[in-house]
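Please look over the chain shown here before reading on. The report starts with the whole chain and then turns to single residues.

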Amino acid sequence: MSTTPTLLLYDTMSGSKRPLEPIEPGHIGLYLCGPTVYDLSHVGHARSAICADTVVRFLREQGLRVTFVRNVTDIDDKIIKRAQVEGISAGEVAAKYTAAYHEDLDSLGCLRPDVEPRVTGTIPEIVALIETLIARGLAYESGGDVYFRVAAFSTYGALSKRSLDDMQAGARVEVSELKENPLDFALWKAAKPGEPAWPSPWGPGRPGWHIECSAMSKVHLGETFDLHAGGRDLIFPHHENEIAQSQGACGHGTFARHWMHNGFVDFAGEKMSKSLGNFFTIREVTALYPPEAVRWFLIGVHYRSGLNFDVEVPCPACARPLDTEAQQGSACPECGAALDRDRLRAHIRFPGLEEADERVAYVYDTLARSPRSGRV
RNA sequence: GGCCUGGUAGCCAAGUGGUAAGGCAGAGCUCUGCAAAAGCUCUAUUCGCCGGUUCGAUUCCGGCCCAGGCCUCCA
């Protein structure tokens, strides 16, 4: 009989490190918020997935059974918009980028989740959950939409440590005459003409962003489960809203026992954006460096810290590093060579990944020379 | 403005109250010797600042300063 393994893990709800104590001895239920599949995933998505993968592998190594659930959000405003741009259906967009996500994470050595529910496969459960919230006075129908009544949920703000008053004070939230309170959020959105829709008691429409995770975690892990993970940016409003929905429907004391949030990947010390030099997809990076190096790099710093993803942009002609201003220009300030974005992008360097690559090579070399390799 | 997290050597960075990992850079040495590579050794009496708790704190508590994040979709 083995001793009870303990993982001391920072918990966002309590704001402190706490032992991860399984509800059911020997078993951990883990829910990770997966991607909205409307585009290729970037290294920030990879970091969240790898953090969860590392926890799953560690717990299993400790002899625990782990049920790892990671959803796919396959219907959403962004997917609908993307479908219009690409001239294909929303379902086709979702299928395409779900496959790409799998390929990318496989390449990084991430284990597949035990269950990977999709929103479009969970509609009846979502509708049932919304009906419960309405019956309990925590949600209301308005113009074909359904909103969560934030003011009726007394502990709203517990995870993100903010009060309704705080939020209302600096409120620059979406204004809508359909809402009782600007902070109320959509559980169900009425379909506009031409949009994908499912039938509901409130008319055809689709689920809001937050309700899906409440429904899917309940279906696959039960009303209460051990660990919920995701990126820091999901703390508010997404995870806060999940708590309101799930506890609103199932009672206080239910839902996730422990909350784990990983830090961001920063690009060149700046906020990520699609402009040159600070936004990179997983496959862009793994095309330049071995996936092992990328994984090593991403787990090389503490999971809650920001990870600075430094980028060097050398001039294709003279190889001198170009600063941000020079990158935007049309010619190299040193040698005068013409510059264009595509060329720069093809010559980009990631010093952190180069170092990680060397470290990985060193580890493999050491392993190859160990007595157990039989090659001594 | 509110809330959250963090501040560890020149730089990056680990660290579950018991006396500071590792990497890069740097210095010395070995072997070479046109150079380089490689190997070995060294490099924080100290963990933003000030108090407190403790036999003992980088680790816990309080205050202050600074940085980043969130408060709108976001991993």
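What follows is a short report on a predicted model.

## Confidence

The model is a prediction. Its scores are ipTM 0.87 and pTM 0.92. Mean pLDDT for chain A is 88, and 91% of the residues reach at least 70.

Helix α4 (residues 123-135) has the highest mean pLDDT, at 98. Helix α10 (residues 324-328) has the lowest, at 73.

## Overall build

Chain A holds 12 helices and 12 strands. Its C-alpha atoms fill a box of roughly 65 × 60 × 40 Å along the principal axes. The radius of gyration is 23 Å. A compact globule of 376 residues would have a value near 21 Å, so the chain agrees with that expectation.

Take the contacts between residues at least 6 apart: 74% of them join residues at least 24 apart.

## Surface and charge

Of the 376 residues in chain A, 47% count as buried. The accessible surface comes to about 18,200 Å². Carbon and sulfur atoms account for 52% of that surface.

Charged side chains number 39 positive and 49 negative. The centres of the two sets lie 3 Å apart.

## Helix α7 and Gln-247

Helix α7 spans residues 235-250. Pro-237 lies in this helix. The peptide bond that joins Phe-236 and Pro-237 is cis, with omega about 0°.

Gln-247 sits in helix α7 too. Is Gln-247 buried or exposed? Its relative accessibility is 14%, so it counts as buried; the cut-off for buried is under 20%. Leaving out residues up to four places away in sequence, Gln-247 touches Phe-153, Thr-155, His-252, Gly-253, Thr-254 and Phe-255.

## Phe-255 and strand β10

Phe-255, one of the contacts of Gln-247, belongs to strand β10 (residues 255-262). Its relative accessibility is 2%, and Phe-255 therefore counts as buried. The backbone deserves a look here. Phe-255 has a positive phi of about 75°, although it is not a glycine.

## Lys-161 in a loop

Lys-161 also has a positive phi, of about 55°, and is not a glycine. Where is the place of Lys-161? It is in the loop between β6 (145-148) and α5 (164-169). Lys-161 has a relative accessible area of 49% and is partly exposed. Exposed would require over 50%.

Arg-18 is part of strand β2 (residues 16-19). With 28% relative accessibility, Arg-18 counts as partly exposed.

Which residues does Arg-18 touch, not counting those up to four places away in sequence? They are Leu-7, Leu-8, Leu-9, Asp-11, Arg-257 and His-258. Arg-18 and His-258 are 240 residues apart along the chain. Their C-alpha atoms are separated by 8.4 Å.

## Points to revisit

One is the cis bond between Phe-236 and Pro-237. Another is the positive phi of Lys-161.

Notes:
Residues are numbered from 1 along each chain as its sequence is written. Chains are lettered from A and ligands numbered from 1 in the order in which they are written. This is a predicted model: local features need pLDDT of at least 70, side-chain atom pairs count only at pLDDT 80 or more; totals for chains, interfaces and linings use all residues. Side-chain values use heavy atoms; hydrogens and water are left out. Helices (H or I, at least four residues) and strands (E, at least two) are DSSP runs, numbered from the N terminus. The radius of gyration is taken over C-alpha atoms; the globule rule is 2.2 Å times the number of residues to the power 0.38. Buried means under 20% relative accessible area, exposed over 50%, partly exposed in between (1.4 Å probe, protein chains only). Contact means heavy atoms within 4.5 Å. Accessible areas come from the Shrake-Rupley method with a 1.4 Å probe; for residues, only the protein chains shown count as cover. Lys and Arg count as positive and Asp and Glu as negative; His and the chain ends are not counted. The place of a charge is taken as NZ of Lys, CZ of Arg, CG of Asp or CD of Glu. pLDDT is the predictor's confidence in each residue, from 0 to 100.
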